[in-house]
Each structure stands twice: as C-alpha cells, then as structure tokens.
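This report describes selected features of one protein chain.

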Amino acid sequence: MPDVENVDTLILGSGQGGKLLAWHLARGGQKVAVIERRWVGGSCPAVACLPSKNEIWSAEIAHIVSSAPRFGTMVENVRVDVGAVYARKQAMVEREAAFHVKAYEESGAELIMGHGAFVGPRTIEVKLNSGGTRVLKGKQVVINVGSHAMIPDVPGLASSTPLTHIEALELKRAPEHLVVVGGGYVGLEMAQAFRRFGSRVTIIEKGPRLLSREDSDVSEEILRLLTAEGIEVLLSTDIVLVDGRSGAGVTVTISAGNEQRDFNASDILVAAGRIPNTAAIGLESAEIELDARGFINVTPRLEASAPGVWAIGECAGSPLFTHVSVDDFRIVRDNMGGGHRRTDDRLIPHVLFTDPPLARVGMDEGEADRRQIPVRVAKLPMRNVLRTQATDQASGFMKVLIAADSDQILGFTMIGAQAGEVMAAMQTAMLAKLPYPHLRDAVIAHLTYAEGLGPLLSNVPPPAAGWPH
C-alpha cells in the first residue's frame, strides 16, 4: 500500500454540497482533497439538473413555436433537430466542467479523479483513473457520493440496456416510441420533453396515480395536462417482461387487473426511484453505519456514526434536490466550526419542471391529514389569475393551507406558469412567519402571476367559531 497522505479534510464525491465545502475550507487555509470518480462538479452540472432543464427548455421552445399560429405568428415547416438540442446542452456541460476545474484551482482544493473506498477510519484508497493508487487520511471526512437510478427487478429489463436520465440526455434523436417506467418527477419531465421533440410516449406507473406523494388533485391535474399533449399514461400497471434492446426495439409485456398484453416500442427509459451510491466504498472498514435502505445514518447535524465523519446530499437521505445539498453544505460548514445547525427544521421547496410546472413548499393536505393537523384550505384556478387572460396559460391551480386556529401559512402548492417563482414569494412569507392577511393585502404588481396570491388568500375560510380573530 502506498504511503498515507494526510489532509485536513477529505471529501469523497464532488457533488454540489461537497464541492462548495471543499472550496470554502481550502480558501480558509485547510489542506483539502476531493475524490471524484467521473464528473467534475458532480452529476448536477453534468448529467442531471442543468442538462435536463436545458433540454426541457428546448422542448418548451419547440412547443411554443408549434403553437405560434394560435398567437398570430405564422410558421411553416417546423421541425426539431434533436442533434442540435444535444449540442446546445453539451456546450453548456463543457462550460460548467471548465468552470469547476478553474474553481478548484483558484480555491486550492485538490481534485483527485478516481474511485475511492475506505480502508480504515477516515482513510480512503483511491484507484486513480490515470492509473496507480493513492491513500489519503483526513482529520475529518465528508461523504458526498450521491445516488443512481434503480432498475426494477423485471425479467429482461436490465438486459434490454434501458435508458436512465443520463443516457436519455445523450440521445441525438427523438425515439419513435419511448416507454417511460415510473410516474415520478424525472419520468414526467422526460416524458413531456420527448413528446415535444416528436416521440410517441407511454408512461407506465404501477401505482394508481402519478406523483403518488402529492395530493390527489395535483396528480389528476398533471395527468390531464400530459394526456392533453398526447402522452399515453397506464396506471395500476405492472411490467411483466421486457424483450429486446432499447434503441433497437423492445417488446413490453404489461399486466393491469386480470389482463395481460404486449406492445412494441423503440426505447425504454427507467425512472422508478434512486439507490444511494454507498455500496462497494468500504464503509464497513470505517465503521460507518447505513440505514435499512442503504443511506448513511446521520444525525440532524449530518454527522455519521464514525467520529469525524459527515455526510451530505442524497447518500445521507436528504431530499433529492440540489438546493438541499447546498443547504447540507451550510449545515456541515457551520457545525464544523462549532455551530448547531440542523436538518429537521428547514422548509424544503419542491419543483417539477413540466410545462406548466408544479411547485410546492411546506405541508400539503395529505401530510396535514396524516399528522392530524386541522387546516383551512383555499384554492384558486389559474384561469382566475388575470395574467393568464393575456397569455392563455390558464391550466392548473393554486392551493394554500392555513392553520385552523391561527393565521399561520402551513403550505402552498401551485400548478401553473412560473409556479416556482411564485412559490418563492410564499416561501419567504412562511420563513418570516407572516400572517396570511399581510400577503393577501399586499400590493402585488399587475399583471403578474404572483398577483393571484391576493385572490387565493381571500378565499381562505374563516376560522372556527370562538377563535379570536
């Protein structure tokens, strides 16, 4: 074994939270090393958030152009060049990679490309991509290894070499018929994008509705929007068998109720959940414990079971969003310096980047019901927001949950144009603990989507009789 190299902080994985921590600590004078097996900067700028939203935007442009005559602009011979879509996306990825390399150089943190695995407490052996081996030990270690797509245990599925979001973003063609396995965030975003690129798309969801963690009215509206674009959605449907090879043609055998049938498709994309990248990295050698699902056991301070070890992002069981990994960075940064930041008191926003998008922050009706928290609910169709009269973007609704016995805003959900941006205003009010009448009566600019918050909050039912108001 090579000689052990000692550093102040050793980070396994260069995802969003880990790289920010590395740059911060290195600029502060620490000797920091980051081990990354494949993507400089992690998956977000290379194969996940940024690339997917890049192509989703291209798909939205295609949809806008094809809808142009409705708005008085005449276009002819509209077609989508998926090769050009890929090229635009790839140019962005390359810019991001160059930015990250420069950020490492300027911060002083060392980036080591290779596969790292623990060989002892706070000690990692790295099999370098360029050949050879290094062994490093940190006074403190941060695990930031992320997750990967789960391939369901269906006969023939794995051997069909299905697409995940990674391979889907590498396509330079629109599949003739794309089957999407899974009705969650990733599957729905990819399904709509490829439909707008010209593919026939079928979504197969084993559960009774899309977006099973959302309220039923949200699931129903998203289903309506997708089917209106010509996407076939098969609910309560199991895949029994897959035969063939994705890209060359597959036969998919499905079962729904007592019926079983086959259909043919050109490609199959799996978006049925995530698995943490915690296998085969020697965690047992460092006495780092996992939970029953394979995520690293952490405290609310993001400390692992072994002394001097922290975990950040998806591998720690944090919600699967880049913005959560950024907050994980802030928590670990502050706690390394003696702070007392925690993960169990934060307000996490969710955004599904379909068109129109879905945005949610705080509690929804399902959670309120499970926790037996009485709430007042107000809802407003997007067609009642005046901005939509000018844009024809009238699909969706806004919904707010207010405490039954106070004016506290507990949660907000919106399906509609600019939902993520409007949600940020509600999130700010919630963080400030602003009683909802203050936002209801605010002077919000006309003609904006956020203007709908006024009429939405005007729909809040009165409190229960006897409560002082």
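In which strand is the place of V233? The model is a predicted one, and in it V233 belongs to strand β9.

**V233 and its surroundings**

The relative accessible area of V233 is 17%, so the residue counts as buried, the cut-off for this class being under 20%. When neighbours within four places in sequence are left aside, the contacts of V233 are I203, L210, L223 and T227. E76, by contrast, lies 30 Å from V233, C-alpha to C-alpha, with a sequence separation of 157 residues.

**The parallel sheet**

Four strands make up an open sheet with parallel pairing, in the order β9-β8-β7-β13. Its edges are formed by β9 (232–234) and β13 (267–270), each of which pairs on one side only. From one strand to the next, the twist averages 20°. Strand β7, residues 177–181, runs parallel to β13 and is joined to it by four bridges.

**An antiparallel hairpin**

Strands β11 (residues 249–256) and β12 (residues 259–265) are paired in the antiparallel sense, over seven bridges. T251 faces N264 in β12 as its opposite residue. Two residues separate the strands of this hairpin, and G257 adopts a positive phi near 65° there.

**Salt bridges**

The structure contains 28 salt bridges.

| Residue pair | N to O distance |
|---|---|
| R134 and E5 | 2.7 Å |
| D327 and R341 | 3.4 Å |
| R371 and E367 | 2.9 Å |

In the salt bridge of R134 with E5, R134 belongs to strand β5 (residues 133–143) and E5 to strand β1 (residues 4–12), so the pair ties together parts that are 129 residues apart in sequence. R134 has 19% relative accessibility and therefore counts as buried, whereas E5, at 29%, counts as partly exposed.

For the salt bridge between D327 and R341, the partners lie 14 residues apart: D327 is in helix α8 (residues 322–336), and R341 is in the loop between α8 and β16 (349–352). D327 is buried, at a relative accessible area of 11%, while R341 is partly exposed, at 29%. Both residues also take part in a network of salt bridges that links D327, D328, R330, R333, D334, R341 and R346.

E367, the partner of R371, is partly exposed with a relative accessible area of 23%.

**A nonpolar surface patch**

Which residues form a nonpolar patch on the surface? The patch consists of W57, I61, I64, V65, V75 and V78, and together these residues have about 470 Å² of accessible area. V78 is located in the loop between α3 (49–66) and α4 (82–107). Why does V78 count as partly exposed? Its relative accessibility is 41%, and this class covers the range between buried, under 20%, and exposed, over 50%.

Conventions. Residues numbered from 1 in each chain as written. Predicted model: local features only at pLDDT ≥ 70, side-chain atom pairs only at ≥ 80, totals over all residues. Heavy atoms only, no water. Patch = residues over 30% accessible without salt bridge, like charges linked within 9 Å, V, L, I, M, F, W, Y side chains within 5 Å. Areas by Shrake-Rupley, 256 points an atom, 1.4 Å probe, with all protein chains shown as cover. Salt bridge = Lys/Arg side-chain N within 4 Å of Asp/Glu carboxyl O. Buried < 20%, exposed > 50% of the residue type's maximum accessible area, 1.4 Å probe, protein only. Pairing = 2+ DSSP bridges. Axes fitted to C-alpha atoms, helices over the stretch in contact; angles between N-to-C directions. Contact = heavy atoms within 4.5 Å.
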